[in-house]
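Please keep the sequence and the 3D view at hand while reading.

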Amino acid sequence: MLLAREKIPAYNAIERLVGMQAQLPNSPYVGLWSRLESFNQSELVDLYNARRVVRLAMMRSTIHLVTDDDCLSIRPVVQPVLDRGFKGGFARFLLDVDHDELDAAGRDSVNDKPATFGDLGRRLNERWPDRNPEAMAHAIRTRVPLVQVTPRGIWGTSSQAAHTSAESWLGRPLNNTSSVSALIIRYLSAFGPASVVDAQSWSGLSRLREVFDQLRTSLVTFRNDDDVELFDLPHAPRPGEDTEAPIRFLPEFDNVLLAYRNRSRIIADKYKSRVYPNNGMIQPTVLIDGFVEAKWRISSEAGTASLDIELFRRLSRTERASLKAEGARLLEFMAGNAKARDIRISGPP
């Protein structure tokens with residue numbers, strides 16, 4: 001949906017992307033704006049309020065915005081990812097705790113009243129006063145699918161992340177019939193062609209070679225320039241190398257920047273440190289002819305909203321004009337109520 005904006009509902013777009021990474025509440029709004037025609041913030045707000053989309057820990061144990069159905073069906077599939085992360089961290093503080101008892105207490109607590117992780121840890125400390133409250137809260141995050149309740153995620157609001165169980169919020173149980181194979185098909189539909197290692201990097205799941213081998217007869221394969229085997233769905237679109245790719249502004253943690261282990265397909269190695277800094281924050285970026293070649297941020301001062309774009313390379317006159325035009329549309333979307341708007345471009349002239 002980055003080559004041409006599509007006329008589909010936001011719900012369908014989120015489903016097609018197998019969720020959207022959403023550590024920052026506003027990131028999915030920008031990601032949808034870049035992919036959909038005439039997208040308005042109110043469409044996603046309405047989905048939140050109708051409980052048709054939720055934010056919770058999913059792939060790579062990171063916060064994703066997903067549809068209600070995908071929350072209930074995919075979370076059980078990626079549960080091993082969350083378990084592995086917990087065992088490598090907080091589990092050592094709870095070695096002799098009955099986890100079934102802890103899970104039940106945590107679930108009852110957040111279902112009775114949504115809680116931040118700090119509040120949840122303090123509540124559990126009342127029952128287990130000698131245990132690390134942060135470790136107990138993370139145990140519940142790991143073993144109970146906790147969704148962030150509104151108004152968290154609602155455009156124009158600011159609130160702490162309070163959680164309740166997905167089953168309570170959505171009024172339905174988890175769907176334990178989905179499979180890793182089904183998830184891989186969904187992944188390839190959104191991001192193929194991709195390698196086994198790409199899929200593992202995207203999902204956080206390990207040992208996927210066997211799954212791909214089981215699916216092999218229903219897939220097509222290719223070899224990239226490094227002779228790595230890539231898999232795709234037979235009838236998936238695969239635009240040629242001469243396809244024109246328009247300028248697109250991507251938010252922090254955009255899916256396409258995290259969908260592959262081999263990210264050179266979208267960002268040159270020499271630019272990676274400017275987009276993937278050591279603090280874990282993936283910068284908002286600009287795709288120019290399909291590659292990350294700039295980053296951006298919006299600030300506001302004295303009623304003026306400013307879009308600052310830092311170029312990684314020199315642009316042609318046509319590219320620079322297109323960048324300004326798309327930037328003006330982004331500013332209108334992000335800061336339409338500002339008294340004035342300004343675009344500032346730095347980097348190679």
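## Terms and model

A residue is called buried when its relative accessible area is under 20%, exposed when it is over 50%, and partly exposed in between (1.4 Å probe, protein chains only). Helices (H or I, at least four residues) and strands (E, at least two) are DSSP runs, numbered from the N terminus.

The model is predicted: local features need pLDDT of at least 70, side-chain atom pairs count only at pLDDT 80 or more, and totals for chains, interfaces and linings use all residues. Residues are numbered from 1 along each chain as its sequence is written, and side-chain values use heavy atoms, with hydrogens and water left out.

## Helix α15

Which residues of α15 are buried? They are L323, E326, G327, L330, L331 and F333. These residues lie on the same side of α15 because they cover an arc of only 150° around the axis, taken from the directions from the helix axis to the C-beta atoms. The face turned away from this buried side carries the exposed residues R317 and T318.

## Residue S306

S306 belongs to strand β11, residues 304-311. S306 counts as buried because its relative accessible area is 6%. Apart from neighbours within four places in sequence, S306 is in contact (heavy atoms within 4.5 Å) with R297, I298, S299, L331, D342 and R344. One of these, L331, is also among the buried residues of α15.

## Residue L2

L2 sits in the segment before α1 (10-16). With 16% relative accessibility, L2 is buried. Not counting residues up to four places away in sequence, L2 touches S34, R35, P246, R248, L250, V256 and L287.
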